[in-house]
Amino acid sequence: MASAAASEPLLRLRKVSKIYEAGTQAVVGLTDVDLDIFSGDFLAVMGPSGSGKSTMMNILGCLDVPTSGVYEIKGIPVSSLSPEALAVMRNREIGFIFQVFHLLPRYSAQRNVELPLLYAGVGREERAKRALEALRSVGIKDRKDHLSNELSGGQKQKVAIARALVNRPSLLLADEPTGNLDSKSGEELLSILTRLNAEGATIVLVTHDLAIAKYARRIVYIIDGRLVTPEEYREMRG
Ligand SMILES: Nc1ncnc2c1ncn2[C@@H]1O[C@H](COP(=O)(O)OP(=O)(O)OP(=O)(O)O)[C@@H](O)[C@H]1O
Ligand SMILES: [Mg+2]
C-alpha cells in the first residue's frame, strides 16, 4: 500500500455516508464525508462520543461499507474488490487497535499476537519470533505466557497493540487506543505510534482528547457524522 503515487491519496472518501437501521429507526453514522489520507500521514480524528469516529474507522478498515459514497484505496473502489481480495488486504496491510480489545480469553498473550500471522500462513517458528518481537516492542514480553483473561486492562491493550503491529501493516487504525491506559502507558503507546509513523506507517488515530490528537501531524474534526472546521468545532463544543 505504500506505493501510492505522491499526488494520489492512499485512502479517499468521497461523499461517504452511513445510515444504520436500528429496528424501525434510521440512525446517522456519517454524512457526506470527503477525506484524503496520504501515505505516511499521521491523522487524528477528533470528535465527541457518538459523532461517528468508530463508524469512519470501520469503513476505512473495510470492516463495514458505506450506505452511499465511494471509498477508494490507492484509487481502487473498495466496493469493486471481491470478498477474498478484501480479506487478504485487510490481513496483510491493515492493523487495528480497537476500543475493545477482542483478545481470545483462553489463549496466551503470545498466541493472541500470533493469530494474524497464522491467518497469513506464516510458519510456526517465524510466528513465534515475530510475536515475541512485537510483545517486546510494547513492553509486555514478560507476560507472553499469561492467558489474556489473566491480564489487566492496560496489559490487554498492549497485547492488542502487539497483535496489530505483528504483520507490520502499512496502515494502522487506532480507535481510542489510550482509553483504557494510565497516562504513562498512554504516553508510551503514543511514542510507539510516533515511531511507527517515522518508519513509514500511515496512522489514523481516533480520540476525543486534544492532548492526544496533538501527537498527530494533522487533525480532522467530526460532529454528528460530519467533518467540520476547527473553528466550527470550537464553536459547537464551547
Ligand atoms: N451498529 C450500529 N447500529 C445502530 N447505530 C449505530 C451502530 N453503530 C453506531 N451507531 C450509531 O451511530 C452513531 C455514531 O456511532 P460511533 O460508534 O461511530 O460513534 P463514536 O464517535 O465512535 O463514539 P464513541 O466516542 O462513544 O466511541 C451513534 O449515534 C451510534 O449510536
Ligand atoms: Mg467509538
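Me: Is valine 204 buried or exposed, and at what relative accessible area?
Reply: This is a predicted model, so the answer holds for computed coordinates. Valine 204 belongs to strand E8, and residues under 20% relative accessible area count as buried. Valine 204 falls under that cut-off and is therefore buried, with a relative accessible area of 0%.

Me: Which residues is valine 204 in contact with, leaving aside its neighbours within four places in sequence?
Reply: The strand that holds valine 204 is E8, and the separation of valine 204 from glycine 225, 21 residues along the sequence, is 17 Å between C-alpha atoms. Once the neighbours within four places are set aside, the contacts of valine 204 are Ile37, Leu43, Val45, Met57, Leu60, Leu171, Leu172, Leu173 and Ala174.

Me: Where does serine 108 lie, and which backbone nitrogen is 3.1 Å from a polar atom of its side chain?
Reply: Serine 108 sits in the loop that runs between strand E6 (94–97) and helix H3 (109–119). Its relative accessible area of 16% is under the 20% cut-off, so serine 108 counts as buried. Not counting residues up to four places away, serine 108 touches Lys144, Asp145, His146 and Leu147. The backbone nitrogen in question, 3.1 Å from the polar side-chain atom, belongs to arginine 111.

Me: How many Å apart in space are asparagine 149 and serine 108, C-alpha to C-alpha?
Reply: Asparagine 149 is placed in the loop between helix H4 (124–137) and helix H5 (153–165), and at 45% relative accessibility it counts as partly exposed. Apart from its neighbours within four places in sequence, asparagine 149 is in contact with Pro105 and Lys156. Asparagine 149 and serine 108 are 41 residues apart in sequence, and their C-alpha separation is 8.7 Å.

Me: What is the phi of lysine 74, and what is that of aspartate 224?
Reply: Lysine 74, in the loop between strand E4 (68–73) and strand E5 (76–77), is partly exposed at 28% relative accessibility. Aspartate 224, in the loop between strand E9 (218–223) and strand E10 (226–228), is exposed at 60%. Phi is positive for lysine 74, near 50°, and also positive for aspartate 224, at about 50°.

Me: What is the radius of gyration of the protein, and why does it agree with a compact globule?
Reply: The protein has 8 helices and 10 strands, its C-alpha atoms fill a box of roughly 45 × 45 × 40 Å along the principal axes, and 47% of its 238 residues count as buried. Among contacts between residues at least 6 apart in sequence, 70% join residues at least 24 apart. A compact globule with 238 residues would have a radius of gyration near 18 Å, and the protein agrees because its own value is 18 Å.

Me: Which residues come nearest to ligand 1?
Reply: The shell around ligand 1 divides into 4 nonpolar, 8 polar and 1 charged residues. Oxygen atoms of ligand 1 take part in polar contacts at 2.8 Å with a backbone atom of glycine 50, at 2.7 Å with a side-chain N or O atom of lysine 53, and at 2.6 Å with a polar side-chain atom of threonine 55. Strand E2 (25–37) and helix H1 (53–60) are the elements that give two or more residues to this shell. Of the 13 residues around ligand 1, those that come nearest are Ser49, Gly50, Lys53, Ser54 and Thr55.

Methods
Residues numbered from 1 in each chain as written. Chains lettered and ligands numbered in written order. Predicted model: local features only at pLDDT ≥ 70, side-chain atom pairs only at ≥ 80, totals over all residues. Heavy atoms only, no water. Near = heavy atom within 4 Å. Polar contact = N/O pair within 3.5 Å; in protein donor to acceptor, adjacent residues only side chain to side chain. Helix = DSSP H or I, 4+ residues; strand = E, 2+ residues; numbered from the N terminus. Nonpolar A, V, L, I, M, F, W, Y, C, P; charged D, E, K, R; others polar. Rg over C-alpha atoms; globule rule 2.2 N^0.38 Å. Buried < 20%, exposed > 50% of the residue type's maximum accessible area, 1.4 Å probe, protein only. Contact = heavy atoms within 4.5 Å.
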